[in-house]
Amino acid sequence: VKDVDLVLGGHDHLARIVYDGRDMTASSGSQGEFIAKTVIVMDKVEKRGKMSLVWSPSFDLVATADVTPEPTVQAQVDEYTAALDRELGQVIGSSGVDLDTRRAAIRSQETTFGNLVADASREATGADIAIANGGGIRGDTLYPAGTQITRKMVLTELPFGNTTVKLEVTGKQVREALEHGVSGIEDGQGRFPQVSGMTYSFDASKPVGQRILQVLVHDQPLDDNKVYTLATNDYVGTGGDGYGMFKGSKVLVDKDAGGLLATQVIDYVIQRSTISPTVNGRIKRVD
């Protein structure tokens with residue numbers, strides 16, 4: 001852009017600084033792991049009787065891991081953390097298997113935690129199928145088998161306050177949604193669909209829009225003309241993450257009536273005490 005010299009970015013998962021002698025981009029990554037420090041020196045320069053502004057940058061990407069916290073702020077943080085731990089730190093169950101919420105996994109393949117979220121929303125709504133976008137799961141952690149599950153852990157994984165909606169959709173819409181969901185797998189896009197009540201296979205080497213190979217709903221081939229009930233979060237259900245094919249669908253349970261997705265997962269765990277979701281072939285990549 002002609003009149004833009006400096007772009008500052010954050011929460012884009014890229015920690016980098018690029019300067020080509022004219023334009024500069026400073027990106028500080030995510031989770032506060034780095035601070036992108038940029039100092040701009042501006043000088044007025046006269047040339048042929050005209051004044052112009054000349055700028056030059058100096059910059060640094062500062063890692064925060066070894067930074068000593070400011071005492072007053074740290075005391076306030078500790079106070080809030082203790083209060084949250086009292087309210088949310090109670091154990092609600094345990095896991096008999098590893099629970100994988102790592103960013104690279106949750107946005108590219110079937111995972112145990114993805115199955116847990118999708119199953120919980122489908123059970124809570126009684127829907128035929130469920131889709132959970134991988135980008136809505138944010139902990140980026142591998143919890144070992146035997147982990148004690150707390151409300152805080154679930155809310156850390158599902159931090160956005162999404163509610164679950166129930167829609168009527170056609171098989172064609174479901175197929176379009178899955179095609180869209182695997183279309184950004186090369187870039188780790190958050191649209192990747194974790195599912196319940198159905199299985200699908202895909203070939204990421206094929207062109208976008210032609211990657212889905214087979215879809216089964218409760219072991220039966222997906223019928224493009226059949227109407228299914230779908231549970232998903234209100235963000236996806238209203239077209240978020242590019243799921244525009246769901247816009248205009250008949251709404252059976254809207255975002256105001258639907259329960260919090262995190263609460264549904266918590267209830268699902270409490271009811272079972274010990275959960276053991278497995279990777280059971282719901283999603284198969286064949287390339």
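Let's start with a cluster of aromatic residues: Tyr19, Trp55 and Phe59 are linked by ring pairs. Keep in mind as you look around that this is a predicted model.

The count of aromatic pairs comes to five. One of them joins Tyr200 and Phe202, whose ring centres lie 6.1 Å apart with planes at 40°, so this pair is tilted. Both Tyr200 and Phe202 are buried. Another pair brings together Tyr243 and Phe246: here the ring centres are 5.9 Å apart and the planes are at 5°, so the pair counts as stacked. Tyr243 and Phe246 are buried too.

Among the buried ones are Gly171, Val174, Leu178 and His180. What lies over them? The cover for the buried residues of α5 includes the strands β8 (129-133), β11 (164-170), β12 (193-196), β13 (198-202), β14 (212-217) and β16 (227-233).

Now stay with Gln173 for a moment. Its relative accessibility is 16%, under the 20% limit, so Gln173 counts as buried.

One last stop brings a charge and a ring together: the charged end of Arg272 sits over the ring of Tyr268, 3.5 Å from the ring's centre.

How values were computed
Residues numbered from 1 in each chain as written. Predicted model: local features only at pLDDT ≥ 70, side-chain atom pairs only at ≥ 80, totals over all residues. Heavy atoms only, no water. Buried < 20%, exposed > 50% of the residue type's maximum accessible area, 1.4 Å probe, protein only. Helix = DSSP H or I, 4+ residues; strand = E, 2+ residues; numbered from the N terminus. Contact = heavy atoms within 4.5 Å. Phe/Tyr/Trp six-rings, centres within 6.5 Å; stacked < 30°, edge-to-face > 60°. Lys NZ or Arg CZ within 6 Å of the ring centre and 35° of its normal.
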